[in-house]
Every structure is written in C-alpha cells, then in structure tokens.
Amino acid sequence: METSTEGAARPDSSPVTAEAAGDDPVVVPGARAVPPASLSPSRASDFMQCPLLYRFRVIDRLPEKPSEAATRGTLVHAVLERLFDAPAAERTAPRAKALVPGQWDRLRESRPEVVELFADDPEGERLARWLAQAEALVERWFGLEDPSRLEPAERELFVEAELESGLRLRGIIDRVDVAPTGEVRIVDYKTGKAPRPEYAEGALFQMKFYALVVWRLKRVIPRRLQLVYLGSGDVLTYDPVLADLERVERKLLALWEAIRLATETGDWRPRPTKLCGWCDHQAHCPEFGGTPPPYPLPVRAVPTPGEGG
Ligand code: SF4
C-alpha cells in the first residue's frame, strides 16, 4: 500500500535508544525478550499509533536508524539543560548557542551511531547547516522564555510511579519549576512545530501522563503543564484538574490491558496511517509486504467470542 508523509508531522516521540534510558527500553542486540513491565508516554503513543510498531520497538527491540530531526532534538535539549549550570545573568542566547558544538561532541561520544548521519558529508556542509538549525532553535527559546528569571527545581527528571493496579509509569520530564508558593509547573521542550488546535489534545497526553505521575508520587496536582515549541515559537499551556488525571489514568489502564493481551496472544495489529512514512520497520510490516520476525515470547490462543476463560 502507498502512504505519504505529506501533511503528517513527524512524531515527536523518542525512538527506542540507549540515550533514552529510563524513559524507554534500551536496545541490546541479542538480549532475551521480556514482556513489557512499564509504560512511558512515548511507548504509550506508539501503541495508540500502531500496536505493531509498539511490538517492534518494545518486544522485538528492532534497531532504528538515528534521524537528523530526532538527533537535533536531543542536542537542543542538552543545550537548554546545561545552560542552567550558568549563573542567571549569564544565561544569554550567545552563551546558549556557544554550547552547541561542545554538546554535539558529547552526544557523538555517548551515541557513536549518530556520526552515521553525516558519513556522506565529507566537506561538512550538511553538518554545518544542521548545527546552524540547532542554534536557531536554541535562539528562538529566548523569545518564549527568559532563563535568567527561571531557577528550575529539576531538569531532565526521571520519574516513576506505580498505580494501584501494579502498572508502572515512567518518563523523563524536561523541567520542573516550583513557585515560592509551592505551585508546580511541568515544562517540555519540543523542537518541532506546535500542532493545529484540533490535535492539541494528543500533544497534551504526554503532559497529563507526567502530571499523573507527579500527583501519584507527591500528591500534588501540577498547577500548569507547558509545552514549548521551538520549531514554531509557540507555547501551549494547560492547567489540569483532578478529573483530567483520573481520566488519563483510566485511559492508561485500558491501554495497558490491551498491551497485556497483545503480549500474551502475540496479536499485534498494524495500523497504517500517514505516519508510516516515518516508520523504520516497513521491511517487517505486512502492510508493506514485509514479515515480522518470529515472535520471541510464549503465546496463548486468542479467545474466540463465547469462549470462557
Ligand atoms: S509501517 Fe505503519 S503499520 Fe507498519 S509497523 Fe510501521 S507504523 Fe505500523
């Protein structure tokens, strides 16, 4: 079948990478497959987008090629995080942009596979353009927030909470601000563009997920959820209430039940959409004439309607 990425925004969910440890499973070639034990916003979004994509990423742990967009996102996040090491008055745009080359060096050391991105660029022209794009994204942030007036309580905070059902939720929050009055703001940076209003709910899912985790951990409902879109220069905010968190919890429990059933039965359906254009696994996907690898976990028969148990 034919799909096109025209009009489809590249998903801003992180691929499964070693760098995303904590939020996501780490790809270890040849490692024994184990059933999923926890849920992160990225992998929850994967399952909602396409159950087979979730299987490929979480159960089969198929490797994925680094992409320029995702790697630039990782680089920009690192720069914004490190800028807060400087005293408040020195958190300027020139200083932030000057951090880009050093953070790129660090990224190449920690994830050597990203070097492949520019293997066919001996003159370094494409790399120079790509670094300039990263600098432009960093610079745009200064029109949206003023880091000299912020003192984050946390940066790149790994959070994990267990629901009463036993489901473990985990993720990494880009920034947590706490006001002197104790009000909590959760902030996430996106290097892409803000979604159209009709898609804002999907974008907020990740933030409500984090709000639920914070609520479960600290019994505090974050006052504000804030998405900072560096690609388009937009800020999307939402002030959650208890009913939002209860709703997202119910949604996650239903999602987890569906994941548990698919894990046990091995029945992972492909769900083709325009986003298939961004999927690294078309060669294994029946929708594109491919065959999934042998299922690495034990399966039980799918119950048919009317069957007990
Ligand atoms: S190509 Fe599309 S349908 Fe197939 S696994 Fe990837 S996202 Fe799912």
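Leaving aside neighbours within four places in sequence, which residues is P293 in contact with? I looked this up in what is a predicted model. The contacts of P293 are D60 and H284.

**P293.** I located P293 in the segment after helix 7 (242-265). I counted 12 other C-beta atoms within 10 Å of P293; the cut-off for exposed is 12 or fewer, so P293 is exposed.

**Helices 1 and 2.** I took helix 1 (residues 41-49) against helix 2 (residues 51-59): their axes come within 5 Å and cross at roughly 140 degrees. That angle makes helix 1 oblique to helix 2. On the helix 1 side I listed R43, D46, F47 and Q49 in the contact, and on the helix 2 side P51, L53, Y54, R57 and V58. By class I have five nonpolar, one polar and three charged residues in this contact.

**Helix 3.** I checked the length of helix 3 (residues 68-83). Its 16 residues, at 1.5 Å a residue, should span 22 Å, and the end C-alpha atoms are 22 Å apart, so the two agree. I noted the buried residues of helix 3 as A70, T71, G73, T74, L75, V76, H77, A78, V79, L80 and L83. I found that their cover includes helix 4 (93-110), helix 5 (125-141), strand 3 (168-178) and strand 4 (184-190).

**Ligand.** I found 13 residues around the ligand, the closest being C50, P270, C276, C279 and C285. I sorted this shell into nine nonpolar, two polar and two charged residues.

Conventions. Residues numbered from 1 in each chain as written. Predicted model: local features only at pLDDT ≥ 70, side-chain atom pairs only at ≥ 80, totals over all residues. Helix = DSSP H or I, 4+ residues; strand = E, 2+ residues; numbered from the N terminus. Expected span 1.5 Å × (residues − 1). Buried ≥ 20, exposed ≤ 12 C-beta atoms within 10 Å, placed from the backbone. Contact = placed C-beta atoms within 7 Å. Near = placed C-beta within 6 Å. Nonpolar A, V, L, I, M, F, W, Y, C, P; charged D, E, K, R; others polar. Axes fitted to C-alpha atoms, helices over the stretch in contact; angles between N-to-C directions. Parallel < 35°, antiparallel > 145°, perpendicular 65-115°, else oblique.
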